[in-house]
Each structure stands twice: as structure tokens, then as C-alpha cells.
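Thanks for coming, everyone. I would like to walk through the two chains one after the other and then turn to where they meet.

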Amino acid sequence: MAKGWRIATLEEASMVAKGIKSLTFSLPDWEPSVPGQHYDIRLTAEDGYQAERSYSVASAPERKGVVEFGIELLENGEVSPYLFSLKPGDQVEMRGPIGGSFIWNTDMPGPLCLVGGGSGMVPLMAMLRHRQEHLADEIKKGRHAVFLASVKDQDHLLYYDELRAISAADPNFTLVITFTQSAPPNWDGFRRRIDHAMLQNVFGGIAGDMPMVYVCGPTPFAENAASNLVEVGFNPHAIRIERFGGGGTVVGPEIKEERS
Amino acid sequence: MSSMLDIVPDPRDTMIETPATMLINKGFQRKRETDDRLPPGQYREYDFPVLSLGPTPKVGTAEWKLDVDGLVAKKLSWTWDEFNALPQENVVKDIHCVTKWSKFDTAWSGVSIDTIIELAGVDESATHLIAYSYDGYSTNLPIEDVRNGKAMVALRYDNAAIEAEHGGPARLLVPHLYFWKSAKWVNRLSFTDHDDPGFWEIRGYHNYGDPWKEQRYSFD
């Protein structure tokens, strides 16, 4: 069980979307996470001041020895700008994996429904990557997975190449993207925020098959998606939500830090 | 005559205590306010973030009920109007979420758990309160942590009805512990003589949850 703070070393860093960076750390006493879990990262300043934040794990547990995060840069953030400045070899303290509710693995029954907004796609990617590690079994079981991703525009779409590759390789996987601000040229898909009609269209067919649904993204996004999913007919107990951040208003001298 | 004690160095002089993880992140600087009112690892939030495990239950006051049972002289069940007619208190408290945000000076009004304990005639043998919510959630508290003004069933936040997202129509309020103990959409209070870990407590979160001891997770 992951107990104490350990020192993790940055192995790789690369941008995966506008304002979102993938950071992969190795750490001693690594243990596999359950897809959906997160780590806490702690920074200590020279004067002893400490700040802690939680970040969802993007990598599948099958990728041993490392944890990958997808970190969004917040303009007036305290921790994210520092993480963005790290170079391979740099170190931070972290502990985990943590989380006992927003979790999924291939042992769970039923179709897998994923609804992600912006950087909310990160923990959902861990679930999908884990599923890909067991693809032969998943196909044998006949389990379907549907991923509805909502982003402002193509620049902000994380892991797009990887998702397209998964789409091509996995006959039981459906990827649906909606662009809420501007769509690429020749786009014939959705061009709006998630609403009842869209969810009905994307998930209506499997709502009755006892799916597990995972919703992740900024709070207003998650609230909107979840309440619409309930109206489409999903059992509220089968809907798990991870909300990144507050209601969206800025009060006080700084923009509130999101959980991611 | 020198004794052995003079020439054998005291091991405490040479042992330097290096905590296993004492890493300084060069170039990292505080950007958030500092405050004695902030427990370890927390930052001050001005907004009121929403975190729940699932969709927000929509419970109307017309059908709302609060049940009290367990080791009580009298099982009770209040409708919204009946509950609102009970004596109420106003409190202003800091609240601390396990996800690291703290919000200061939040104003609540509601019925003190002390009032409920008295009305129900909770037995002396009761050691715990288990609180249940409309969405199937539960959380557990030692009875001493809900007595003597430490807890209430809150009916109003900031002088207005509590929004559904924030646990309305009524939520438990136990501000001295991490806020997952302040069960949203509370509908049943059960006084027991044994502990009964609730939803987060069985999923890796700390059984007690004192923010000043940073008791976030079960291994803290």
C-alpha cells in the first residue's frame, strides 16, 4: 500500500494538447494503480512552504515502474507552472495511488462509457489504455466501450492520434468527439456542448445494458453531463464523476486552482 | 581519571536526522496566501467547489424526510416543515475539503445535533453517529464529534436555501473534520454502539479525518 511521500524522477515530458503536458515519472516502490486513481504531488519551497495537488494517472497499470500525468497549465496556478518547467532528471515528491470510487478495470462487467471534458480525459485514458492491454479478452467477452470527448477545438484534444489508432484497432470501441468552439475543416460530427440529444444519440443504445459510466472534467461540464445521463436513463449509481475544479467564478486576487 | 563515557562519542552528536523525503524544489515559490487558519496541505479557496461521487440527487422539500433511529428512546421522523420548526442556530465556520481546498467563514444555519440527541433521547451507550444520504452515501462519526455544538443538520448556507449541488435541501455539517464527513442530502441519522465505516472510509480515506493532523487517507 502506497503510504509515504516518495521522490519521483521525471523521465519524459511532452505537450499533448494546447496547454496540457504529459509528464512521466519513475518512482521507487512503484505499485500498479487501478485506472482512474490519482497521485498527490507535493512541492517544497526553500523557505519550507509546501503545496500539494492531486493529479490523475494517465498511464495504464501495465506500464510498470512509471506514472504518467496529463497536467493542465493554469495561468495563475501555483503548482502547474512549476511542473511545466521541469526537465527530465528533476524530482518531485508524490504519494499514491489514491482513490477508491472513480476506478475501472476489465474485471468489471458491462459496457464502458466514458465522458470527458478537456483535461478530464486523463483518467479516462488510463481506463482505455488498460482495456487495450487486454484487448483479445475484451473482444472475446464482447464488451463495448464508448468515449465521448468534448473539447474547445482540435488543438485542445488530448491523445487524438492515440485515440484514432485505438479506434482503428478495436472493433468494439466508438470514439465520438464534439468541438464546442471551433471544429476542423470538413468536420461532420458534433459542434456543441454536450446535451440530452447528444447523449441519447451516443449512449441511448447501451443505456439498458447496465454500463458503468465515468464522467470527468470541469465541474459545470460534469454536472451537465451527469444530469443529462440520468435523464437518458442511466442508473445514477452507475455514474461516477470526477470534477476538476470549482464553479467557474473568479473571486479574490487569484484564479482558483483546479484539482488537476 | 577519564571514564569510558568521555571517549566514546555520543551517537546522537553524529547522527544527522534526514527525513526520508526532504526534497526542496528550487525555484518553487508560494503564490497562495499563507494563513494560520489553513491546515497542512490546504490552500484557500474563495469559490465553493462541488465534489460528489455521482450525479446530484434532486430531492424536493415536499417529499424530504429526516429519520433518527438506533439507540434512541424514541425513533423520530420529521417532514421539512416540522424540522424547520425546531430551534435553530447560526454558525460561521472554516471548512476543509480533503481535495486540498479550504474556505473560510462559511455561514450556515440549521438544527444542532445536540437538539436532535435530546429530542430522540439518545442512549448513553451510543458511541457513534452514522449518517446516511439520499444517494446511498454514508459516513461515520464518534458521538463526541457531533456533540456540544460541533455539528448540525444545516438548512441554509449564506442566508439562502442550500443548492442541490452543495447538498440541499439539508446536509450534515461537521466543520472540524474533512468535509466528506459533512454528508450531503442527509436523510437518516443512526446512533449506534459500534463504528460503521462509511463510503469513503472503506475506500481508502481516513476513518476520522482531522485536517490539522492531515488525516486524509487510511494510511495517514
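This is a predicted model: local features need pLDDT of at least 70, side-chain atom pairs count only at pLDDT 80 or more; totals for chains, interfaces and linings use all residues.

Chain A has a radius of gyration of 18 Å, and because a compact globule of 260 residues would have one near 18 Å, the two agree; the radius is taken over C-alpha atoms, and the globule rule is 2.2 Å times the number of residues to the power 0.38. Along its principal axes, the C-alpha trace of chain A spans about 55 × 45 × 35 Å.

Residues are numbered from 1 along each chain as its sequence is written, and chains are lettered from A and ligands numbered from 1 in the order in which they are written.

Chain A comes to six helices and eleven strands, these being DSSP runs numbered from the N terminus, with helices as H or I of at least four residues and strands as E of at least two. Within chain A, helix α5 (residues 196-203) packs against helix α6 (residues 219-232) at an angle of about 60°, the axes lying 9 Å apart; axes are lines fitted to C-alpha atoms, for helices over the stretch in contact, and angles run from 0 to 180 degrees between N-to-C directions. The pair α5(A) and α6(A) is therefore oblique, the class left over once angles under 35 degrees are called roughly parallel, over 145 roughly antiparallel and 65 to 115 roughly perpendicular.

Turning to chain B, we have four helices and eleven strands. Its radius of gyration is 22 Å, well over the 17 Å that the globule rule gives for 220 residues, so chain B is more spread out than a compact globule. The C-alpha atoms of chain B fill a box of roughly 85 × 45 × 30 Å along the principal axes.

Chain B also holds an open sheet of five strands with mixed pairing, in the order β3-β2-β11-β6-β7, where two strands pair if DSSP finds at least two bridges between them. Its edge strands, each pairing on one side only, are β3 (76-79) and β7 (138-142) of chain B. Inside that order, β6 (residues 128-133) and β11 (residues 186-192) of chain B run antiparallel over six bridges, and Y132(B) has R188(B) in β11(B) as its bridge partner.

Finally, the interface: 33 residues of chain B are in contact with 44 residues of chain A, contact meaning that C-beta atoms, placed from the backbone, lie within 7 Å.

Terms used:
Two residues are in contact if their C-beta atoms, placed from the backbone, lie within 7 Å.
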